[in-house]
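Student: I am new to this kind of model. Please show me how to read it, one feature at a time.

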Amino acid sequence: MARTSAGVLLYRRAGTGVEVLIGHMGGPFWAKKDAHGWSIPKGEVEDGEEAFAVALREFEEELGSPCPASDFTPLGEVKASGKSITVWAAEGDLDATACVSNTFELEWPPRSGRMQEFPEIDRAEWVDLGTAREKLVKGQLPFLDRLAGAL
């Protein structure tokens, strides 16, 4: 059975156009990667969970703040990297520099027996849609097109 993730793509209207809030993935695998090393805040939907509730929970866990929006637009589903991702867009604003993510444990270095804790998202940033295309993991790019179309 394919894994499913759900997330929220927060956007705001800026003088230069639309900006989206994305997070750089934490941990040693992504530490030196900028291009395609960023993600929409999202997380895995477990059996019995409702995807939209998971999207809101994961936004708060990964950015350290509840989603500052009340009106959500479904952007649908994309299949990427062996999983299905469902995303909602919402207009709102949040201080990206104040974002603090939850953490995960990983044996690092590999086969060292040493467990280390890393943030799921090590930093967040507001970027325009063009920059988001360069930074987001490739499987999430269709959501940018869908957001642009919805606006």
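Student: Where is the place of Arg111?

Tutor: First, a word on the model. It is predicted, so local features need pLDDT of at least 70 and side-chain atom pairs count only at pLDDT 80 or more, while totals for chains, interfaces and linings use all residues. Residues are numbered from 1 along each chain as its sequence is written, and side-chain values use heavy atoms, with hydrogens and water left out. Now your question. Helices (H or I, at least four residues) and strands (E, at least two) are DSSP runs, numbered from the N terminus. Arg111 sits in the loop between β7 and β8.

Student: Is Arg111 buried or exposed?

Tutor: Start with the terms. Buried means under 20% relative accessible area, exposed means over 50%, and partly exposed is in between (1.4 Å probe, protein chains only). Arg111 has a relative accessible area of 78%, so it is exposed. Its backbone deserves a look too. Arg111 has a positive phi of about 60°, although it is not a glycine.

Student: Which other residue has a positive phi although it is not a glycine?

Tutor: His36, with a phi of about 60°. It is found in the loop between β2 and β3 (38-39). His36 is partly exposed, because its relative accessible area is 22%.

Student: Which peptide bond is cis?

Tutor: The one from Trp108 to Pro109, with omega near -5°. Pro109 is in the loop between β7 and β8.

Student: Let us turn to pockets. How much space lies in the largest pocket?

Tutor: Definitions first. On a 1 Å grid over the protein atoms alone, a pocket is an open set of points with protein on both sides within 12 Å along at least five of seven lines; a cavity is a set where a 1.4 Å probe fits but cannot get out; lining residues have an atom within 4 Å of a point. Grid points are joined across faces, edges and corners, and a volume is the space filled by probe spheres set on the points. Here, the largest pocket holds about 580 Å³.

Student: How many residues line the largest pocket, and which lie nearest its centre?

Tutor: The lining has 26 residues, and Met25, Ser39, Lys42, Lys83 and Glu120 lie nearest the centre. The elements giving two or more residues to this lining are β1 (3-14), β4 (42-44), α1 (51-63), β6 (83-91) and β7 (103-107). For residue types, Ala, Val, Leu, Ile, Met, Phe, Trp, Tyr, Cys and Pro count as nonpolar, Asp, Glu, Lys and Arg as charged, and the others, Gly among them, as polar. The lining divides into 10 nonpolar, seven polar and nine charged residues.

Student: Where is Glu120 found?

Tutor: In the loop between β8 (115-119) and β9. Glu120 counts as partly exposed, because its relative accessibility is 26%. Contact means heavy atoms within 4.5 Å. Leaving aside neighbours within four places in sequence, Glu120 is in contact with residues including His24, Met25, Glu62 and Phe104.

Student: How do I read a helix such as α1?

Tutor: Check its span. The expected span is 1.5 Å times one less than the number of residues. The 13 residues of α1 should span 18 Å, and its end C-alpha atoms are 18 Å apart, which agrees. Next, look at its sides. An α-helix has 3.6 residues a turn, so residues three or four places apart point the same way.

Student: Which residues of α1 are buried?

Tutor: Val54, Ala55, Glu58, Phe59, Glu62 and Leu63. Seen down the axis of α1, they fall within an arc of 140°, so they line one face of the helix. The arc is that of the directions from the helix axis to the C-beta atoms. Among the elements covering these residues are β1, β2 (17-25) and β9 (121-128).

Student: And which residues are buried in α3?

Tutor: Leu141, Phe143, Leu144 and Leu147. They fall within an arc of 150° seen down the axis of α3, so they line one face. On the other side, Gly149 and Ala150 are exposed. The cover over the buried residues of α3 includes β5 (72-80) and α2.

Student: Which residues does Leu144 touch?

Tutor: Not counting residues up to four places away in sequence, Leu144 touches Leu9, Val20, Leu129, Ala132, Arg133 and Leu136. Leu144 and Leu9 are 135 residues apart along the chain, with their C-alpha atoms separated by 8.9 Å.
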